[in-house]
Every structure is written in C-alpha cells, then in structure tokens.
Amino acid sequence: MELDTWLLIGSAVVLVAIISSRIGARLGLPSLLLFLGLGMAIELSNVFPSFNDAGLGHSLGFAALVLILAEGGLTTRWVEIRGSIPVAGLLATVGIGVSVGVMWAFGTFVLGLDPWLAALLGAVCSPTDSAAVFSVLRKVPLPSRVRSTLEAESGLNDAPTVLLVAELSRLAAGGEAEGGVLGFLATVAFELTAGVIIGVVLGWIGVKLLRNIALPSSGLYPIAAVFWAVLAYGVGTAAHASGFAAVYVCAVLLGNGRLPHRAATRSFAEGIGWIAQIGLFVMLGLLSEPRRITGYAVFIALAAGLVLTVVARPLSVLACASWFKVPWREQAFLSWAGLRGAVPIILATVPMVAMVPDAEMLFDIVLVFVVVFTLLQAPTLPLVARLLGVADHGPSDVEVEAAPMERIQADLLQIRIPVGSKLNNVEVHELRLPRDTVISLVIRDGTPFAPSAQTPLHTGDELLIVTPTRFRVQVEERLREVGQYGRLARWRRGQPPQEDPDLD
C-alpha cells in the first residue's frame, strides 16, 4: 500500500478512536478497551492485510510503553508520590513475586497447566499497567497517597517483570539456567538500581539545561522534555540497565523541575500519551486473532483472572503494605485497583518471539483476561472507592504556567483558580507572597484589571504574577497551600505561624 493510503487509513483510525473514547466516557467504558476492540474489528473485517508479526508487535509495544511512561512521569507530582515510593517499590518487586508464586501454584496444581506455562501466565498477568492506571485513576477522586502508590507501582513494575518474563521464556524454550535464582535476583537488582541512577542523573541534567536555555520557540520546550526522557530509556538500555526505570524516573524529575512552559509540556505529554495508547491498543487488536480463541482458553482466563484478582493481588498488597501501616480500606482499594491493560498483552508476545510451546494459547488467555477484568474493575472504581470510604472530594490544585524573563532574572507565572479552591474570596494581601513578587493582572470573565491589596480573588480568575526566579518555588507552594487550606493555612495544617524574612 502506498504512503498516501496509509496516511488516510491511519488518520481515520485515530479519529474514530478519539470519537469512541468520548462515547466510552459517556457510557462508563474504558477507552483503552474500545481502542483494542477497534483493532480487533479491523482484523476481523479482512479489509486490510493481516498483522501477525509478534516480533514487530513486541518492538512497537515497547516503544509505545516508553512514551506512556514518559507522559506518566511528566504529569506526576513528586510531592504526592515521594511518601508512596517505599510501598510502590515493594509492590513492584516483592508483590510481583508473591503474585507469580500464587498463580504458578494455582495454574500447575489446580488448572493442570505445564509448570513453565503457569509461571509465565503469572509473570505476564501480575504487573499493573501504566496506560490503564494513568488514564483511568486520574478520573477517580482519591487521596493522593492512594493514587500515587498505584501510579508509582505501575511505573516501576514494568522493569523487573520484563526481565522475569524474558528469563522464564528462555528457560521454557529449552535454555539453561545461568546463576540460578540468586543470580537472577542480582541481575534484577543491578538493572533496576542502574536504571534509577541513570534516570536521576539525566533528569537533573535535563532540568538544568531547560531552565537555563532560551529556545527560539515555546513549543520546543515540551518536545525537548518528552524526548529527553526517551533519551534516558536509550541510555539505560545501552548501559544494560533498566530503560523503563530510567525513563520514568527521568520524566518525574523533569515534570517536577519547575521548567518553563510547564502547563504546555503537560498538555503535549498527555497528547503524546494518548497517541501512544491509541496506536498500542489498536496494534494489539490487530495482532490478536479472535477466531483462534477456544473455550478452554476462555475458561483458563476467567479462572486465573479470578484467583489473581481476589487472592494473589490482595496477598501481594497485604505482604507489602502492612509494613507501612496502610489502613485496611486503602489496602482493599489497592487490591481492586490493580488494573491490567497493554502491559500483559505486550509481555505475552515475548514467549511467542522465543518460540515457547503453547505461546499462542497464552496470548489468547491473556487477551481474554485483560478484556474481561478491565471491564469488571475499571468502571467500578468510583463505586468501590465510595463504599470503602477512600473517595476524596477535596479542592482541585491551582494550575500554574511559567515562562522565564531572563533579562531581569524573574519568572512570569500564569495561575488559574479552579473550582473548589479555597483561594476563592481570599484577598491579595492575605496571600503573603515573597517580597518583590507582584500580581500584575487579574483576568476575570475575560476582563483584565490591575488588582489592589484588598482585591478578593474568585474561582475562575487567572492571575499574572511576576516573581524573582529564586522565589518561584515559594510562590507556587504558598498558592497551593492557601488553595488547599484557605487563608489560615498554617494553623489548619497544625503548624504555628512563622516569620519568613523573604515575606512581606
């Protein structure tokens, strides 16, 4: 087919996927499954040539996953996830091990599967999916510690699971064990640690560069941020470290590095993430062969998915979260919200590439499992959060956009006050912003005006604030503090008021 034809088909598929996502949102259906269904419908139509190259699907899937992880990191706030890193790290490692062990025992001794196939089924289906978590959970009103735990887990568990699935596939295909269990664990620990270090180093360098370089167009900052994170993946894999850990950690640092045009960067990253998700799930739908799925594969998928959801996942959460005294209600929600999506299906292509016996049946089992249990879990998350009492309807965070003013060493901040923010009715002087910081303009209902010290702020106002670069972090933190706790923020947080020499 000619390039023009491919452009026509590709653009039509993307537009149909975007429209279907809107329809799915109104019906309460996960958009990702609609994209998968679109790919399966194209495959069943026989209009286009069949796509059955598992190796190419594996490569394209990993490329899309890199972009999705970059988007997730860039849109994650470090202040929210830092307290959840220990729990998420355990869930991404020890939790995966617990889940694989339970699934191996169930598959081998109850379902009668080949032990290697049972182990692969557990390893492929245990990790949560970053695409599903990032796209679904951010629509559910949750406490930041719960959401951040799930997001950090989904961003970190890809790296050890890829190594585990690759090693199990090699052994199942007739390879020999090298170094045993301890050698494998040492390899996983090294690659994860090296990946995190590479992500931290490149993230720090990227923040320094993008803060101090004046690019000729504001549109170049988002592109530079996204592809700097992708660079971290490439450096990580070239160094035989975990590229997935590197890209996610690097993106988190970039997303929290007070970069210029941060709101535009977030919007661009979200757009890239959506394109990657659409392409990934449509491609996986094309790779599937619904006609090949047997009743036996459906039975195994339902039985294994039920045990994974109600036994293996809760045991994993209990084993990892109990050490940190996470309340049982939050543990129950963490168990139910372990969403699977593209990652298990992508990982199921690894045994196919390695020519593992019954690898195609494993792919079909995973496909059915993902479709059925995502349809079961994702739409019920808001209800489960309410029933468990973990739903959070607190005020929204203020939106901050920033641009550097290099000649005077200052930043121009554009602030939007969202619905529910306690900045509403707070007067300008009550903000107590750092010295030499000026609210130069307020835009209310499309009308700009210069505020006085007694001007009250209202929901929906947009503020233009000029502040010395060295005070930018203080300004943003103060606005978020007042937006969450009101004008008496320090008292309501249980902190005594302190005099700051940099405040008016």
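Residues are numbered from 1 along each chain as its sequence is written, and side-chain values use heavy atoms, without hydrogens and water. In this predicted model, local features need pLDDT of at least 70 and side-chain atom pairs count only at pLDDT 80 or more, while totals for chains, interfaces and linings use all residues.

**Exercise 1.** Find how many helices and strands the chain has, and state what its radius of gyration is.

*Solution.* 
- Step 1. Helices (H or I, at least four residues) and strands (E, at least two) are DSSP runs, numbered from the N terminus. The chain has 21 helices and 5 strands.
- Step 2. The radius of gyration is taken over C-alpha atoms, and the globule rule is 2.2 Å times the number of residues to the power 0.38. For 504 residues, a compact globule would have a value near 23 Å; the chain has 24 Å, which agrees.
- Step 3. Along the principal axes, the C-alpha atoms fill a box of roughly 75 × 55 × 45 Å.

**Exercise 2.** Describe the nonpolar cores of the chain.

*Solution.* 
- Step 1. Buried means under 20% relative accessible area, exposed over 50%, partly exposed in between (1.4 Å probe, protein chains only). Buried residues make up 50% of the 504 residues.
- Step 2. A nonpolar core is a set of buried Ala, Val, Leu, Ile, Met, Phe, Trp, Tyr and Cys residues joined through side-chain atoms within 4.5 Å. In the largest core, of 131 residues, Leu121, Leu280, Phe333 and Val366 touch the most other members. Helix H14 (residues 295-321) gives the largest share of this core, 11 residues.
- Step 3. A second, separate core has 16 residues, including Val428, Leu431, Val475 and Leu479.
- Step 4. Contact means heavy atoms within 4.5 Å. Leaving aside neighbours within four places in sequence, Val366 is in contact with Leu121, Val124, Cys125, Pro344, Ile345 and Ala348.
- Step 5. In helix H15 (residues 328-336), the buried residues are Glu330, Gln331, Phe333, Leu334 and Ser335. These pack against helix H8 (144-156), H14 and helix H19 (381-388).

**Exercise 3.** Locate Lys325 and Asp445, and decide whether each is buried or exposed.

*Solution.* 
- Step 1. Most residues other than glycine have a negative phi. Lys325 has a positive phi near 55°, and Asp445 has a positive phi of about 55°.
- Step 2. Lys325 is in the loop between H14 and H15. With a relative accessible area of 76%, Lys325 is exposed.
- Step 3. Asp445 is in the loop between strand E3 (438-444) and strand E4 (447-449). Its relative accessibility is 77%, so Asp445 counts as exposed.
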